[in-house]
Amino acid sequence: MSEPIAPDEALPHAAVSRRKRRFSLVWVVPIVAALIGGWLVVKALTEKGPEITIYFKSAESLEAGKTKVKYKDVEIGQVTDISFDRDFSRVRVRVLMDKEATRLVSSNTRFWVVRARVTMAAVSGLGTVFSGAYITLDPGKPGDRVQVFTGLEDPPVVTSGMPGKHFVLEAETRGSLEVGAPIYFRQNRVGEVVAVALAEDGSKVVVKVFVHAPYDRYVFTHTRFWNASGVDFKVDATGLTVNTESVVSILFGGIAFDIGDPARGPGEPAAENAIFPLYASRDKAQERIYAERRYWVLHFNENVGGLNRGAPVLFKGIPVGQVLDVTLEYDSAARNFRIPVLVAMEPERFQSNVPLPEGDVWRRQMDEFVQRGLRAQLVTANFLTGQQAVAFDLFPGSKPAKINWNDPNP
């Protein structure tokens, strides 16, 4: 039988030593590296700008990872990838822009490549021979956010942010005008052509020009623009006169303008994008414009060789209109040919203290003039070219004639 254990006799206990855990310095490096890496990722994401795509016809002088995008010579992006379009007709250039350039990219932004260019009018981009080509832009007016653009093949004339005004000129033909052609006012260069295009219906050529401040204040509602390309020769009673704006306009074209019609005054200051006709020459621009026209048909039986559309119509040697059309007609009753010539007369050229008559009074006066011998005949306007003109005068005692008032044009 076992003996009971005395209560005061304690059982032995194992002594467990507890050591304090210490942080190992080995973990400091990866933790710091992770924090820095995370910060760099966040920084890159927050500072990342828009990714855009620009289509060009070719990738000449462009390299992925090297070609920069600049605005006012400040780098704002870089080309990241160059590839072909689906049908291989264009080159797709992907660009990563800086965040600060976000406001420069919109639906109105234009991109083009700056490289060394030699044209008849100018030499540009010579600095890229050493530094390499780069892409630049014209932000234009603020617009909608877009990511796909079609790059320009030729550098435009940039006028964004420049003081001045744009105007639109309409001409029958383009002549030698090109983008960048100079605009002159009294032989001072004051602007340039920024765009030349054919109207949608093909009826005219539309030329957009920019006139810098402060010269834009000389453009009024009655201002006249004319094509100043080449050299304008004029031979008159005073001798030979040669007019030209500059050597540049002779070689590469240009446009000039004057304040307006001296008879009517300059008018009001022209608004932005005001439309003006573009005259073919200085003489055409200086001709006075007459609002009223009256049309007549003159019948000739003689040879009218040298009489063309636009030939002058004279009265006592003074221009009073022009020829609009020359046709051939067979008179079956007389079994003979006659030549109807349509002319436009401008009554405002006749200075008078009383208003010109209208209606029956005007008809009676014209019938009276014909009875007194008012007739038209062909005269030689230019002996060198053989151009003919129509001359009106009074020939008393001439064969009786009358006006046919029944036709649309008497």
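**Figure 1. The whole chain.** Of the chain's 410 residues, 32% count as buried, where buried means under 20% relative accessible area, exposed means over 50%, and partly exposed falls in between (1.4 Å probe, protein chains only). This is a predicted model, so local features need pLDDT of at least 70 and side-chain atom pairs count only at pLDDT 80 or more, while totals for chains, interfaces and linings use all residues. Residues are numbered from 1 along each chain as its sequence is written, and side-chain values use heavy atoms, with hydrogens and water left out. The chain has five helices and 25 strands; these are DSSP runs numbered from the N terminus, helices being H or I with at least four residues and strands E with at least two. Take the contacts (heavy atoms within 4.5 Å) with a separation of 6 or more: 66% of them involve residues 24 or more positions apart. The accessible surface comes to about 27,500 Å², with 55% of that belonging to carbon and sulfur atoms; areas come from the Shrake-Rupley method with a 1.4 Å probe, and for residues only the protein chains shown count as cover.

**Figure 2. A closed barrel of seven strands.** Follow the strands in the order β10-β13-β12-β11-β17-β14-β18, and you'll find mixed pairing. The twist averages 35° from one strand to the next, using axes that are lines fitted to C-alpha atoms (for helices, over the stretch in contact) and angles that run from 0 to 180 degrees between N-to-C directions. Two strands pair if DSSP finds at least two bridges between them. β11 (residues 182–185) and β12 (residues 188–198) pair in the antiparallel sense over four bridges. Zooming in, Phe185 has Asn188 in β12 as its bridge partner.

**Figure 3. A nonpolar patch that includes Ile36.** Val28, Val29, Val32, Ile36, Trp39 and Leu40 make a nonpolar surface patch of about 570 Å². Patches are made of residues with over 30% relative accessible area and no salt bridge; like charges are joined within 9 Å, and nonpolar side chains (Val, Leu, Ile, Met, Phe, Trp, Tyr) within 5 Å. Ile36 sits in helix α1 (residues 28–47) and is partly exposed, at 45% relative accessible area.

**Figure 4. Asp367 and its contacts.** Asp367 lies in helix α5 (residues 359–371) and is partly exposed, with a relative accessible area of 27%. Set aside neighbours within four places in sequence, and Asp367 is in contact with Ile403 and Trp405. Asp367 and Ala401 are 34 residues apart in sequence, with their C-alpha atoms 9.4 Å apart.

**Figure 5. Salt bridge between Glu346 and Arg293.** The closest N and O atoms of this pair are 3.7 Å apart. Glu346 is in the loop between β23 (336–345) and α5, and Arg293 in the loop between α4 (282–286) and β19 (294–300), so the pair ties together parts that are 53 residues apart in sequence. Glu346 is buried at 9% relative accessibility, whereas Arg293 is partly exposed at 32%. The whole structure holds 10 salt bridges, each being a side-chain nitrogen of Lys or Arg within 4 Å of a carboxyl oxygen of Asp or Glu.

**Figure 6. Salt bridge between Asp393 and Lys316.** Here the closest N and O atoms are 3.0 Å apart. The pair links distant parts of the chain, 77 residues apart: Asp393 is in strand β25 (residues 387–394) and Lys316 in the loop between β20 (312–315) and β21 (318–326). Asp393 is partly exposed at 23% relative accessible area, and Lys316 is exposed at 54%.
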